[in-house]
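Please look over the sequence and the structure below before reading on.

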Amino acid sequence: MNNIKAKGILVVNVAINLGILGFFKYVDFMIGNINVTFGAHIPAMNLPLPIGISFYTFQVMSYVIDLYKGKVKVQKDLIAFGTYVALFPQLIAGPIVRFETIEEQLKKRHVDPEMFASGVRRFTIGMAKKVLLANNIGLLWESVMKMNPGDLPVATAWIGAVAFTLQIYFDFSGYSDMAIGLGKMFGFTFLENFNYPYISKSITEFWRRWHISLSSWFKEYVYIPLGGNRHGIKRQILNIFTVWALTGLWHGASWNFVIWGIYFAILLIIEKLILGRILQKLQKNFGILGNIVSGAYAMVLITISWVIFAIGDLNSVKEYMGSLMNLHNNGFANSNTWYLLSSNLTLLIICIIGSTDIPAKVWEKVYSVRLQNKPLVGSIIEDIGLLILFAISFAYIVASTYNPFLYFRF
């Protein structure tokens, strides 16, 4: 096939995929904006959004683009290709799996008891993250959101924002763990999607650790084709804006997601131009103190970003931001603040520590000091702990009525 014909097929294929995604996901968003801008009265279509459409659309596009670039071979086995597109472990909440990652596994994969057990362990950890931590800390965020965002004292607003920051991490990374675990049970090895993002010391580092499959997708298929950093700083800034506006829009058909994406674009550009070098010098010259200051800087901005992400109504976002910065003069705290803090303090501490690499380092230390020469004992202790975790999670699922699914807009 000549290059012109191949490029034509690529363009048509990408256009069809984006067209389907745009029709189901963004048509009412566009209708709403046309109505507001031009005073029209076009009725919304209220189409049901096919679950996970953003994930499998991107997977199909990555296959077509990689095929054009010669990175993967033509998949002539319809069952194998269908399996790739509709791979249920990661279909509805990611991670985004590129065809080249599992190309060989689609042809031939081997599942042994050790790999299956590894998958069960990873699935159990993910389920516990989602059910025990994300759902419970989500109740705290729900409690704060029941109040008027413009009437919140500073401390209450920050408690709510921190609660959602932790909820979305444990929810999303929990689903990714379950997907990776389920994949292992069926003989697939997916790439990691999270790497302790809340220990980041800059926004740039955060996006190397958060939703890695999406970040790498946009870098590979949008940022680099647009020119990346190869055509001067002005073009690079434009490319970063474009990528992050699209990243925001990918998360949902709403202006708060676009603003959320642009918010990160601005921060990343500032770090690239000047702040990144200052943060590096701070960490190099001041050691632990520099790391703490850098980490605090990143976490404050990340926490603020999740408020923009979580609240769909822009007026409510504005009111909530005012409460975070005490612009409404609601005071630092009230009796409800102390009630929310005292009744959720233990959960907050567990979630904050659990979102870092501290538990993993502690287990590695215990294992290396006490159990290195007793691998069977270590394995039994680990499995008993996970079995208890599974039983508690399962009991919680049966007893609880609160189990939000944050990705219905994806």
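The largest pocket holds about 1,000 Å³ of space, and of the 29 residues that line this pocket, I125, K129, Y196, P359 and A360 are the closest to its centre. This is a predicted model, in which local features need pLDDT of at least 70 and side-chain atom pairs count only at pLDDT 80 or more, while totals for chains, interfaces and linings use all residues. Residues are numbered from 1 along each chain as its sequence is written, and side-chain values use heavy atoms, with hydrogens and water left out.

**Pockets**
- At least two residues of the lining of the largest pocket come from each of α5 (113-145), α6 (154-185), α12 (335-354), α13 (358-371) and α14 (375-399).
- That lining of the largest pocket divides into 16 nonpolar, seven polar and six charged residues.
- The second largest pocket has about 850 Å³ of space, and T204, W207, R208, L268 and K272 lie nearest its centre among the 27 residues that line it.
- The largest share of the lining of the second largest pocket, eight residues, is supplied by α10.

**Helix α9**
- Helix α9 (residues 233-251) has 19 residues, which at 1.5 Å a residue should span 27 Å, and this agrees with its end C-alpha atoms, which are 27 Å apart.
- Buried residues (under 20% relative accessible area, with exposed being over 50% and partly exposed in between, for a 1.4 Å probe and protein chains only) include Q236, N239 and W244 in α9.
- The buried residues of α9 fall within an arc of 165° seen down its axis, so they line one face of the helix.
- On the other side of α9, K234 and L238 are exposed.

Conventions. Helix = DSSP H or I, 4+ residues; strand = E, 2+ residues; numbered from the N terminus. Expected span 1.5 Å × (residues − 1). Arc of directions from axis to C-beta. 1 Å grid on protein atoms, 1.4 Å probe; cavity = no way out; pocket = protein on both sides within 12 Å on 5 of 7 lines; lining within 4 Å. Points joined across faces, edges and corners; volume = space filled by probe spheres on them. Nonpolar A, V, L, I, M, F, W, Y, C, P; charged D, E, K, R; others polar.
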